[in-house]
Amino acid sequence: MAGKAPVFDPIIRWYDTLNSVFSFGIDRHWRMLCARKAAAANGHLFVDIASGTGKMVHALKQALHHRSIIVGVDPSRAMIEWGIKKMRYETCTETRVFAVQGIAEKIPLASHSASAVTCAFGMRNFTHLRGGLQEIYRILRPCGIFSAVEITYPHRIFTKVFFGPYFKYFMPLAGNFLSQSRSYTYLRNSVMNFPSREALTGILKEVGFRKADYQELTGGIACLYFAIK
Ligand SMILES: C[S@@+](CC[C@H](N)C(=O)[O-])C[C@H]1O[C@@H](n2cnc3c(N)ncnc32)[C@H](O)[C@@H]1O
């Protein structure tokens, strides 16, 4: 399976814990904001791309107030299996949650089928960003919602001074040491090399979304993207 799944495989045991530690627990709140945006969509099929261990799927489950189906798509079998162990992908009475192995660039779902698509901290892992966004556009129903959250390198002086060294040096050092891998260097680089907020909303419009916008979160260290087909 293509994609950057191998980067995440060595850190599965650590992934959920380190995410929460490094973000001081705010990642949960960011996912919930992303889920609430998607939950406004009409219909019953919700798709989470780069679903990993299922944390975003879990947030969606909490945000949806009507009977729905949630499908998580991720190339990493190991991440999915970890999510199943944690009971994030499971079938409950109101909402049914499934996991499918796949990549954003070739989503194994029919065109115009999804009411909303979410993606949390996943876009910067797409091998082809534009290709992945085109696929998301393809599977969405007309008026469907795409809502995504990403870590962004802050551009405001205040957050840059405090968050910059922490993010650039401390997090990769500590993360690599604890997970005994180079994965956290990759994570840092993928954030640094990701298109700017304006560039990304531009690409969303280019692939066809009629409305695309973003909202900075927590002083600009994360960003919530929101687009309508
Ligand atoms: C940082 S994790 C995010 C997991 C989850 N969304 C969360 O909120 O915790 C990134 C995920 O992207 C997945 N991934 C890597 N390449 C991908 C691709 N081309 N398409 C979709 N997902 C991909 C990885 O397997 C990994 O599970």
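Two strands are taken to pair if DSSP finds at least two bridges between them. Strands (E, at least two residues) and helices (H or I, at least four) are DSSP runs, numbered from the N terminus. The model is predicted: local features need pLDDT of at least 70, side-chain atom pairs count only at pLDDT 80 or more, and totals for chains, interfaces and linings use all residues. Residue numbers start from 1 along each chain as its sequence is written.

Seven strands form an open sheet in the order β3-β2-β1-β4-β5-β7-β6, with mixed pairing. β3 (96-101) and β6 (211-217) stand at the edges, each with a single partner strand, so one side of each has no neighbour in the sheet. From one strand to the next, the twist averages 15°. Axes are lines fitted to C-alpha atoms, for helices over the stretch in contact; angles run from 0 to 180 degrees between N-to-C directions.

β4 pairs with β1 in the parallel sense over four bridges. F46 has A116 of β4 as its bridge partner. β4 also pairs with β5, again parallel, over six bridges. Here A114 stands opposite L140 of β5. The chain passes from β4 through α6 to β5 in a right-handed β-α-β crossover (clockwise from the first strand over the helix to the second, with the strands pointing away from the viewer). Seven of the seven residues of β4 are buried (20 or more other C-beta atoms within 10 Å of the residue's own, with C-beta atoms placed from the backbone).

β6 and β7 (residues 222-228) pair in the antiparallel sense over seven bridges. E216 has C223 of β7 as its bridge partner.

Definitions and conventions
A residue is buried if 20 or more other C-beta atoms lie within 10 Å of its own, exposed if 12 or fewer, and partly exposed in between; C-beta atoms are placed from the backbone.
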